[in-house]
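Open your viewer and follow along. Each stop tells you what to select and what is there.

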Amino acid sequence: MTGDAVVELRGLTKRFGTMTAVEDVSFEVRSGRIVGLLGRNGAGKTTSLRMLLGLMLPTSGTATVFGHRYQDLPRAAHRVGVSMDGINPLPGTTARRELRIWARALGLPAARADEVLGQVGLDDRADRKVKGYSTGMKQRLALATALLSDPELLVLDEPANGLDPDGIRWLRTMLRSLADEGRTVLVSSHLLAEIEQTVDDVVIVQRTLRYAGPLSDLTSEGTESLEDRFFSLVGSQTGATGTTAKERVDA
Amino acid sequence: MRDLLPAEWMKAWAGRTWLICAASGSFMSLLASLGYASDTDKKITEQHMDLATITNDSVRAWMMTFLFASLFGAIFVVREYTAGTIGRSVLLSGTRTRLFAAKALVGTAMGALSGLLAVALAFAATYGALASNGHNPEITRETWLIAAGIFVCNVLAGPWGVLFGWIIRHQVGAVTTLLALTLIVDPALQRLVPDVGKFLMTIAMSSVYRDGKPELLSEPIAFLVIAGWLAAAWFGARKLFLTRDIT
């Protein structure tokens, strides 16, 4: 089930002084797809997503959701759900209170907060202070916040970080069920094996764009592993582009 | 905006910041107020002070609460940067302009509550302290004007702190800057260069709560000066918030 471009990045570039974090990145995310945005730490994944969501201004290029810049998109917060690395809960709140505040900001009933708490499996711990939550529980809370408005597009930045194996399996099932409902999911990660089991399309960035397209094309219908293809595109840690993981292990 | 304002109002009450600011401001003001109202007989007989003056001094001591109203306003903004919540607030607010306005309005409302609390406690503390010395406070028109000034200063200090928060975006930085300006820099400049000092924000406020020093601005001019400072802070903070990256 694919359709129009929901997310569109064109020549997106971000410089911080003399350092270029993202350079000339262009790709599209089509509706109803789960798209994995892959790259090493510091590859520019989060910066690209922040530009997409209007939290950072691009040095050049454009990034749109549903054909508009996020900040110009009518009812943007109702159409796009976001769980972003580095965006943390309100200090001094419980999960239920936090979600009720965000639900209020969105004009949703308080009961919606309770619904999403159940959806992410936090309903029995919803009245505990968020400060005492594990990283995995905070990830679930962030996902609950992203789901509050029942959005058409989910932008999830490193949602598997801190999740235990059960949590990762739960996340995979959740993402698939969201896509089956017709939603679009753009998920960034550096957990290649996990992404390989979850996504339809892959975007690989390492400051510049290295690949954007179906996972099946990248892995030759599964005959090659995503990890091998990833390292062949982004290079080894020392920067020797073209060295595969297998080659590095063999060496 | 209809939904955002109640959400920001709920945020203002989250955590214990409001309680700490209210309690700290009340405690410090109470100490100062009790100091003015103590030894009433001695002040009347030896220092030739009248009961109305002692009452006014004791009530005026609660002007200190405006510092804590401004601290609350600053922390109300800055803690979102410290905690990393600001990104979500921006995303769910629709536009940065709406969030900016909502925080300023809620900061003002919290300042108003702080002002009401300050005025109520000012009268209660003054009554209590003077009664313990066998006197009743002498409430005059001047006392009511001082109380009104304390309330107005608290109301104005709320958005002042919020705007400071947007500009500085760092909790320790915002708190120490506000403390330093209010307690050290502005009073020092007033003493060193009174012709300049009287135009500073917190010194202009002392005209509003009727500090009584002859070198201070008249109240209408003081209000204009305060409006100018708030307008400058508003434009500076808004410009920075609308153009800076949120990381």
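Select the residues in contact (heavy atoms within 4.5 Å). Put together, the two chains bury an area of about 2500 Å². Carbon and sulfur atoms give 61% of that area. Buried area here is the accessible area (1.4 Å probe) that two parts lose on being put together, summed over both.

Now pick Arg88(B), Leu91(B) and Leu92(B). In chain B, these lose the most area to chain A, together 30% of what that side buries.

Next, look for charge pairs. A salt bridge is a side-chain nitrogen of Lys or Arg within 4 Å of a carboxyl oxygen of Asp or Glu. The rule finds two across the interface of chain B and chain A. Zoom in on Lys14(A) and Asp245(B): they form a salt bridge, with the closest N and O atoms 2.7 Å apart.

A word on what you are viewing. This is a predicted model, where local features need pLDDT of at least 70, side-chain atom pairs count only at pLDDT 80 or more, and totals for chains, interfaces and linings use all residues. Residues are numbered from 1 along each chain as its sequence is written, chains are lettered from A and ligands numbered from 1 in the order in which they are written, and side-chain values use heavy atoms, with hydrogens and water left out.

Select residues 99-124 of chain B: the span is 100% helix, and its end C-alpha atoms are 37 Å apart. Then try residues 220-237 of chain B, also 100% helix, with end C-alpha atoms 26 Å apart. Helices are DSSP runs (H or I, at least four residues), and strands are runs of E (at least two), numbered from the N terminus.

Turn to chain A. Colour domain 1 (5-218) and domain 2 (221-251). These bounds come from an automatic or database domain assignment. Their centres, taken over C-alpha atoms, are 26 Å apart. Each domain gives 13 residues to the contact. The area buried between domain 1 and domain 2 of chain A is about 1200 Å². Show Arg40(A), Leu192(A) and Leu218(A), which lose the most area on the domain 1 side, together 50% of what that side buries. Salt bridges across this domain interface number zero.

Which residues touch the most other members of the largest nonpolar core? Select Leu52(A), Leu53(A), Val80(A), Ile204(A) and Trp166(B), out of 146 residues. A nonpolar core is a set of buried Ala, Val, Leu, Ile, Met, Phe, Trp, Tyr and Cys residues joined through side-chain atoms within 4.5 Å. Helix H5 (residues 65-83) of chain B gives the largest share, 12 residues. Domain 1 and domain 2 of chain A both give residues to this core, so it lies between them. Centre on Ile204(A): beyond four places in sequence, its contacts include Leu38(A), Phe230(A) and Val234(A).

Last stop: Val199(A), in the loop between helix H7 (192-196) and strand E8 (201-206) of chain A. Is Val199(A) buried or exposed? Val199(A) counts as buried because its relative accessibility is 7%. Buried means under 20% relative accessible area, exposed over 50%, partly exposed in between (1.4 Å probe, protein chains only). Beyond four places in sequence, Val199(A) touches residues including Ile34(A), Arg176(A) and Leu215(A).
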